[in-house]
Amino acid sequence: MLLQTERLLLRRFRADDAPALAAYRSDPDVARYQSWDAPFPRSAAVAFVEGLAGSDPGAEGWFQYAIERRDDGVLVGDVGVNRHDAGRQAEIGFTLAPASQGRGYGAEAVRRVVAHLLVTDGLHRVHASLDARNARSARLLERCGFRREGLELQSCWWKGEWTDDLRYAVLASEWSRSSEPA
């Protein structure tokens with residue numbers, strides 16, 4: 001376990017996570033705004049998990065936290081963090097299994113990771129970029145204290161179409177204790 005909340009453990013991925021990872025990433029609604037296509041084969045999930053084995057959550061580049069429910073050990077999603085700018089900033093992304101959406105797990109996990117980045121590790125800024133049609137993720141970021149920074153019209157060629165890119169961020173100076181999990 002790397003981080004925890006009242007209901008969740010944010011930990012490294014394990015080999016036995018591959019089937020659940022493949023299942024939720026194979027859902028077309030989950031994959032719609034993500035960098036992969038559905039179905040997401042189990043072999044791709046195994047390779048993904050194996051590729052994360054040596055990753056360092058404090059180093060520059062991507063690190064993926066597995067989100068596990070504490071009460072039953074079920075993998076409910078993941079939070080990705082891409083540290084950059086000599087460790088002063090990070091990009092964040094998140095994915096939740098369909099059965100776990102709408103229960104507050106995403107916001108709880110994102111708040112905990114952002115608190116760790118801004119408060120514990122002292123980063124200056126955390127940002128996120130998403131397809132402007134992804135209203136649920138935009139609302140989640142706003143609930144977590146992010147502010148909308150802008151909209152880039154038809155800026156990304158994504159899965160066969162031009163899409164608008166919505167930008168969110170939060171500065172360490174804006175992060176309040178009320179944004180952090182209990």
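This is a predicted model: local features need pLDDT of at least 70, side-chain atom pairs count only at pLDDT 80 or more; totals for chains, interfaces and linings use all residues.
Let's begin with the overall layout. The chain has 5 helices and 8 strands, and if you walk along the sequence, the order is β-β-α-α-α-β-β-β-α-β-α-β-β. The radius of gyration is 16 Å, close to the 16 Å from the globule rule for 182 residues, so the chain is as compact as a globular protein of that length. The C-alpha trace spans about 40 × 40 × 30 Å along its principal axes, and 45% of the 182 residues are buried.

Now, the charges. We have 24 positive and 26 negative ones, and their mean positions sit 3 Å apart. The salt bridge count comes to 18.

Let me show you a few. Arg-11 and Glu-68 pair up through their side chains at 2.5 Å, N to O. Arg-11 is in strand E2 and Glu-68 in strand E3, 57 residues apart. Buried or exposed, then, for Arg-11? Buried, because its relative accessibility is 5%, under the 20% cut-off. Glu-68 is buried too, at 9%.

Next up, Arg-133 and Glu-161, at 3.2 Å, N to O. Arg-133 is in the loop between strand E6 and helix H5, while Glu-161 belongs to strand E8, so this pair ties together parts 28 residues apart in sequence. Here Arg-133 is partly exposed at 37%, and Glu-161 is partly exposed at 34%.

Last one, back to Arg-11: salt bridges with shared partners join Arg-11, Arg-14, Asp-16, Asp-17 and Glu-68 into one network.

Conventions: Residues are numbered from 1 along each chain as its sequence is written. Side-chain values use heavy atoms; hydrogens and water are left out. Helices (H or I, at least four residues) and strands (E, at least two) are DSSP runs, numbered from the N terminus. The radius of gyration is taken over C-alpha atoms; the globule rule is 2.2 Å times the number of residues to the power 0.38. Buried means under 20% relative accessible area, exposed over 50%, partly exposed in between (1.4 Å probe, protein chains only). Lys and Arg count as positive and Asp and Glu as negative; His and the chain ends are not counted. The place of a charge is taken as NZ of Lys, CZ of Arg, CG of Asp or CD of Glu. A salt bridge is a side-chain nitrogen of Lys or Arg within 4 Å of a carboxyl oxygen of Asp or Glu.
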